[in-house]
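Grab a pencil and work through these exercises with the model open beside you. Each task comes with a solution in steps.

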Amino acid sequence: MELARLLHGDPQTDTDGITIAHGRGYELFGTLAFGGRRNHVFTRLAEISGARPGDRALDLGCGTGYLTQRMATAVSPAGSALGIDPSAQVVEHARKLAAKQPNCTFERGIAEQLDAADDSFDVVVSSLMVHHLPAPVRPQAVAEMYRVLRPGGRLMIADFRPPRGRVGRHLVGAVTGPAMENNPIDLLEALVRDARFEEVSAGDLHPWIRYVTAAKPPTRTAAAKPATRGAAR
Ligand SMILES: C[S@@+](CC[C@H](N)C(=O)[O-])C[C@H]1O[C@@H](n2cnc3c(N)ncnc32)[C@H](O)[C@@H]1O
């Protein structure tokens, strides 16, 4: 189905994930699907991420950059937001949409193998991306989020919460395909905990967003380190 392809695209050769096929069509769908609340929801997600002025923020699976732009605003004036997506077409589209925000940039890449140094971001966010990844790749992507966050850095992952009723689910499946209909959103918290994140908590935003926030543990100070066996008396 064409709409499912627009949302979930074709398999890529350089990733096991799947990408948006058309930036402009995706923008139109996003506007309609949030029923007029898209700006409100994504502005809240940027707030919920804990981003502060001066932070370096990373948005994985950024698509057309809707959240990346709001992250760039949240970290202004001295901070920056980088959006990463495997789709060249979508990255190009995102760059045009954010042309007036010089602290908002975009690169091609995949969440499960980031071209970024350890501890290099203050905040990592991702919206509506995790359900694009095949299940075995998801832990690897969250492990990468952990690796590139600085100690004490914040994580926010948002994804699609399918309707609880069978009819609603069927409808979602018919319109968007099985990835969203069967999205195992309740596993998101465990995925984040398993990657060693702390302070994990979750919430919902109307109409159909579930988000999880967490923190990478701060580096232990020398005083807080457990005593070595030889030193324990
Ligand atoms: C539904 S869109 C969400 C876009 C945007 N974050 C939003 O909230 O509107 C999912 C995005 O994930 C991207 N994606 C797919 N596989 C990926 C991967 N392995 N790593 C990073 N992004 C991926 C797709 O190209 C697509 O742009």
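**Exercise 1: a methionine and its core**

Before going on, a word on the ground rules. This is a predicted model, where local features need pLDDT of at least 70 and side-chain atom pairs count only at pLDDT 80 or more, while totals for chains, interfaces and linings use all residues. Residues are numbered from 1 along each chain as its sequence is written, and side-chain values use heavy atoms, leaving out hydrogens and water.

Step 1. Now look for nonpolar cores: sets of buried Ala, Val, Leu, Ile, Met, Phe, Trp, Tyr and Cys residues joined through side-chain atoms within 4.5 Å. Buried means under 20% relative accessible area and exposed over 50%, with partly exposed in between (1.4 Å probe, protein chains only). The largest core has 35 residues, and Met156 is among those with the most contacts inside it, along with Phe42, Leu45, Leu67, Met71, Leu128 and Ile209.

Step 2. Helices (H or I, at least four residues) and strands (E, at least two) are DSSP runs numbered from the N terminus. Those supplying at least two residues of this core each include α4 (66-74), β5 (149-160) and β7 (209-215). The top contributor is α3, with five residues.

Step 3. Apart from this core there's another, of 28 residues, including Phe121, Val130, Ile185 and Ala214.

**Exercise 2: a loop glycine**

Task: is glycine 63 buried or exposed, and what does it touch?

Step 1. Find glycine 63 in the loop between β1 (56-60) and α4.

Step 2. Its relative accessibility is 5%, so glycine 63 counts as buried.

Step 3. Leaving out residues up to four places away in sequence, glycine 63 touches Ile20, Asp85, Val90 and Ala94.

Step 4. Check a C-alpha distance too: glycine 63 and tyrosine 26 are 37 residues apart along the chain, with 8.6 Å between those atoms.

**Exercise 3: two sides of a helix**

Task: which residues of α7 (residues 166-176) are buried, and where do they sit around the axis?

Step 1. Val172, Gly173 and Thr176 are the buried ones.

Step 2. Seen down the axis of α7, the buried residues fall within an arc of 100° (taken from the directions from the helix axis to the C-beta atoms), so they line one face.

Methods:
Contact = heavy atoms within 4.5 Å.
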